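Q: Please take me through this structure one feature at a time. I would like the general idea each time, and then the case at hand.

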Amino acid sequence: MKTLASTEHKLSWLLAPDRDDVILERDSLDLQHMPYAMPTDVGKAWLDSLSFSDGIVLYRAVHEMEPSPRGQLIPLIDVDGVSAEPTFNAQIWLSGLGCHHEYWKGRDSPPVEIVAFPGRDTFRHKKNWQAKVLVEGGVTSEMKSVVVPDGVMKMLLGEEAVETLLSRLGLTEERQTVVLTMPLHVSAPLRDAMSGQFSGAARKLFAQARIFDYLAGLLNFVLSNELAPSQPAPGQKIE
């Protein structure tokens, strides 16, 4: 099996265990399109990713799920990722519902269940990420996400501002993920970043500008004291 580098994630298909695992490379500077492996009677899904030379990665995932019992969660992928340095991750859902079973203390410990949907955005700060991804069945869900290395965050926003952002979001070494209610105007640049109206270099320039707009807007929102206090994740004791 290929050895994971700091810019790669290993994805295992939960609905197609006989299919080979996939190494999602993050050093490609072109748009990558990856269909999910799943039975056609369950649905179809795919992931697009756009990487930048500074280490920022933009993702868009779409899951078109066939009718299923109401409220059923469909397991899709198992993720095992490593990074050379901690990264900041913001994730929004445009439709549907997403659930992550995240292993903050390794797979030998119980996972933390993270549930998000439109208007409830997910924020992570971690170096390694192990999780199972599930989505709501019977609907089409769409997720957009950006991953930014710590060094790039500090270069763009300043070290003190980054520390304030993480603190106000409630992210710590013990609490790697939070889900918070966020107004649509804050997430709007991230929703628009993976635009289909551009291609090639223009697409990357547009996406990069919207990512910067999003990070600046998120920081301004946090500093405005409008952010509601975050709540502990289920089963987690916050010191």
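**Reading the fold**

A: Helices (H or I, at least four residues) and strands (E, at least two) are DSSP runs, numbered from the N terminus. This is a predicted model, in which local features need pLDDT of at least 70 and side-chain atom pairs count only at pLDDT 80 or more, while totals for chains, interfaces and linings use all residues. Residues are numbered from 1 along each chain as its sequence is written, and side-chain values use heavy atoms, with hydrogens and water left out.

Q: Is Ala 193 buried or exposed?

A: Buried means under 20% relative accessible area, exposed means over 50%, and partly exposed is in between (1.4 Å probe, protein chains only). Ala 193 has a relative accessible area of 1%, so this residue is buried.

Q: Which residues is Ala 193 in contact with, leaving aside its neighbours within four places in sequence?

A: Contact means heavy atoms within 4.5 Å. By that rule Ala 193 touches Leu 58, Phe 206, Ala 207, Arg 210 and Ile 211.

Q: Which other residues of H3 are buried, and what covers them?

A: Besides Ala 193, the buried residues of H3 are Val 186, Ser 187, Ala 188, Pro 189 and Leu 190. Their cover includes strand E5 (57–65), E7, E10, E12 and helix H4 (200–223). Over the protein, 47% of the 239 residues count as buried.

Q: What is the order of the strands in the open sheet?

A: Two strands pair if DSSP finds at least two bridges between them. Here seven strands form an open sheet in the order E3-E4-E5-E12-E7-E10-E13, and the pairing is antiparallel. Strand E3 (32–35) and strand E13 (177–181) are at the edges with a single partner strand each, so one side of each has no neighbour in the sheet. From one strand to the next, the twist averages 20°. The protein has 13 strands and four helices.

Q: How many bridges join strand E7 to strand E10?

A: Strand E7 (residues 87–95) and strand E10 (residues 120–126) run antiparallel and are joined by five bridges. In one example, Asn 89 has Arg 124 of E10 as its bridge partner.

Q: Which strands does helix H1 touch, and how is its direction described?

A: Axes are lines fitted to C-alpha atoms, for helices over the stretch in contact, and angles run from 0 to 180 degrees between N-to-C directions. Helix H1 (residues 150–157) packs on the sheet and touches E7, E10 and strand E12 (140–149), with its direction at about 80° to that of E12. Helix H2 (residues 159–169) lies across E7, E10 and E13 and runs at about 50° to E7.

Q: Which side chains meet in salt bridges?

A: A salt bridge is a side-chain nitrogen of Lys or Arg within 4 Å of a carboxyl oxygen of Asp or Glu. The count by this rule is seven. One of them joins Glu 64 and Lys 44 at 3.7 Å, N to O. That pair links distant parts of the chain, with Glu 64 in strand E5 and Lys 44 in strand E4 (residues 43–51), 20 residues apart. Glu 64 is partly exposed at 28% relative accessibility.

Another salt bridge is between Arg 60 and Asp 48, whose closest N and O atoms are 3.9 Å apart. Arg 60 is in strand E5 and Asp 48 in strand E4, so the pair ties together parts 12 residues apart in sequence. Arg 60 is partly exposed at 22% relative accessibility, whereas Asp 48 is buried at 10%.

Glu 102 forms a salt bridge with Arg 124, with 2.7 Å between the closest N and O atoms. Glu 102 lies in strand E8 (residues 98–102) and Arg 124 in strand E10, so parts 22 residues apart in sequence are tied together. Glu 102 is buried at 0% relative accessibility, and Arg 124 is buried at 1%.

Q: Which residues do salt bridges with shared partners join into one network?

A: The network consists of Asp 48, Arg 60 and Glu 142.
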